[in-house]
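Hello,

Here is the structure I promised to pass on. Please open it alongside this email.

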Amino acid sequence: MDHISEPGAGLPRRRRVLAAGAALGTAGLGTALAGCSVPAPRKAVPTADPAPGVPIVSTRRAQLMQFVAHPDDDLYFMNPDTQRMLDSGVPLVSVYVTAGEHNGVNRIKGMAETTPDRAAYSSARHQGLRQAYATALGLDTFSPWEKGVVTLHGGRRAEINTLMNGGRRVELIFLNLPMHTPRRYMALPALWEDRALELRTHLSTDSPVERSDSYDHDQLIDVLVGLLDRYRPTVVQTLDPDPDIQISSEATRRRDSEQAGYSDHGDHTAAACFSWAALIRWVAEGQKGPGEIPAFAATAFRGYYNRHWPKNLPPQVLKEKAGHLVPYGGDPAWQCGNASGCGDYGVSGERPLTNRKGWVRSTHHRWPGTGPAVVALPDGRLDAYGVLGLRAVRWRETERGSGLWGDPKDLGGGPLAPALDSATLPDGRVLLFGVRFAAFAGRGGPNKREVVLLEQRSPDGPFLAWRGLGNPERKADRGRRIGVPVAVTSPDGRVHLFVRDADKGVSTRVRATDGSWSAWRALPALPGSEEIQDGLDAVVDAEGRVHVLAAGHDSVRHWIDSVPAAPLPLAGDPVAAVPGKGRTGLDVYYRRPAGKELLSRRGNASFDGYGSVAAAADANGTVLLGRDLRGRIQLRRGGRLWTRTQGTAPVQAAALRLLPGGPVAVGLGADAHPWVWRPAQRSAATSRS
């Protein structure tokens, strides 16, 4: 989270270098226009190869790493996910790309006017992070941290702060690139787009780093790749590289602190783009060098998107999330030991909750998947398909019911967005659908997304080559806004594919029984109907009709066989539906905005929690899978509730599969390895991983 950009904060095209100096007359600012330079030629780097069959290497040692633009982005947009993993013992490395210095003013109403001091404000925000993560580890707010300097790629330096509590560990790394340039205000978006731009790092007060370093576009990516290679994370969290299109007046845009045309801060988007470029390069270098793919799951989080949609965190979860911003915001009266300030005072106290923008009141994934795609083999073992190292992989259960998995088999296709969906043909062949980063380049280069398909040649057999299914949007920039593909097979053998498009509607393609595909087309909308969020649900009812449901601003939009149907009650998160009996259509499960109760047309389903839910029907009624208010996986079947209390911390959603022996939940753990949970087959709520 950070402050508004000014008019004229567009992306530069002239060739220039920004160097440390005193051109702005502010000590520690570290940015001044030094003059023009001849741009260096683009660095030759390995490119992603989608071919399958590359070994994927995992240590099974869970490590969370997150990349954000500003101090507090993680607290606003990535919690409660980050806190859940910390609570389970997963160590965290959090990388802050900018210094967060803004205009150097750190005050609230009632404080005396002070001279703007960017170096001090940056230092105060870093202190706020130390306070927030000390409390997140269960320690005193003012616990002493070990402060040092880490050497990065190319000999650059950054401040690193480390704190431990027993076996739990947090490391904060401050790259300290400037937020602003003298002429183009927002430095990080300029660095993403301008081949010739070079930035000097900002020096924060009392930092052990005493000298500025320079960064150009490629050098920042190299530094991020070096950090990835050093820590070898199994889970990587970033901000949103492809935010929604948001058309607002200039006054509204400035009031909402958003970049022109899109629903997020420009620094968030640029930091996310650099992060994903680094992930893609890290994988490519591993593939071209030692011939190995690092095993990690990636998650991107929406940012100012939260402002525009119904809030999805119930009071209990919101209280915990907002509570971590209290020590970050701090108080000018605190005695924290940091002379520059004890937090980011504009975020102190109840301000995150009273801020009309409401960023803290939701947490949204950019690509909200439904967990691994799970297929039951004829011998009773399970296959699970997911994305690991930005590539599609398959895990296979070692024995029927063992809950143990073999090594991941690389199916290629990368670089892929984090979520896959699947459909099964009448003959048992599996189709996998994903979104591929067909091009991911800054500096005016191509930046494209495409929907891709991997089709099994024969049941339980090998796969054909990856096939591109294009994009419902013709222009590349609009194409970046598409959501996660969702597919379902109808009784006649056709496969219906749906995706959220740039207009925040739904577009579809259909696979005929001969394997041919129709063209993309947008589903029609009712007059005056609204935009929808990502996280579509597609279901076939007892009559063979195909339903699509998506949560919107004021209701849940509903299509039956591509025809708009009456909207359903408003939901704060994606909904889950199961076929009803006869012509009763569907039973739809949803939570109201900021509600904990899971509801259906029958009333309260007695499944309190938050986040997305999976639903399926068996002889005992509807089976529900989701998270409880503490973030633990829970399952309800036949009036009985189980809670997963053991095993690795889950990442993203878990998948629900109904088997002859009972329901099975399969998810990906923080160690980048799948887990399976069969609670209804056990006397206790336990898990195996």
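Below are notes on a helix, a sheet and the cysteines. Keep in mind that this is a predicted model.

Helix 7
Helix 7 covers residues 266–288, 23 residues in total. From first C-alpha to last, helix 7 reaches 33 Å. That is close to the 33 Å expected at 1.5 Å a residue. Of its 23 residues, 21 are buried, so the rest of the structure largely encloses helix 7. C273 is buried too, with a relative accessible area of 2%.

Three strands make an open sheet, ordered 38-39-40. The pairing is antiparallel. Strand 38 (650–659) and strand 40 (674–677) stand at the edges. Each has a single partner strand, so one side of each has no neighbour in the sheet. From one strand to the next, the twist averages 25 degrees. Strand 38 pairs with strand 39 (residues 662–669) over 7 bridges, in the antiparallel sense.

The disulfide
How many disulfides does a search of the whole structure find? The count is 1. C336 and C342 form a disulfide, with their sulfur atoms 2.1 Å apart. The torsion about the S-S bond is about -85 degrees, so this disulfide is left-handed. Are its cysteines buried or exposed? C336 is buried, at 13% relative accessible area. C342 is buried as well, at 5% relative accessibility. Buried here means under 20%.

Best regards

Technical notes. Residues numbered from 1 in each chain as written. Predicted model: local features only at pLDDT ≥ 70, side-chain atom pairs only at ≥ 80, totals over all residues. Heavy atoms only, no water. Helix = DSSP H or I, 4+ residues; strand = E, 2+ residues; numbered from the N terminus. Expected span 1.5 Å × (residues − 1). Buried < 20%, exposed > 50% of the residue type's maximum accessible area, 1.4 Å probe, protein only. Pairing = 2+ DSSP bridges. Axes fitted to C-alpha atoms, helices over the stretch in contact; angles between N-to-C directions. Disulfide = S-S within 2.5 Å.
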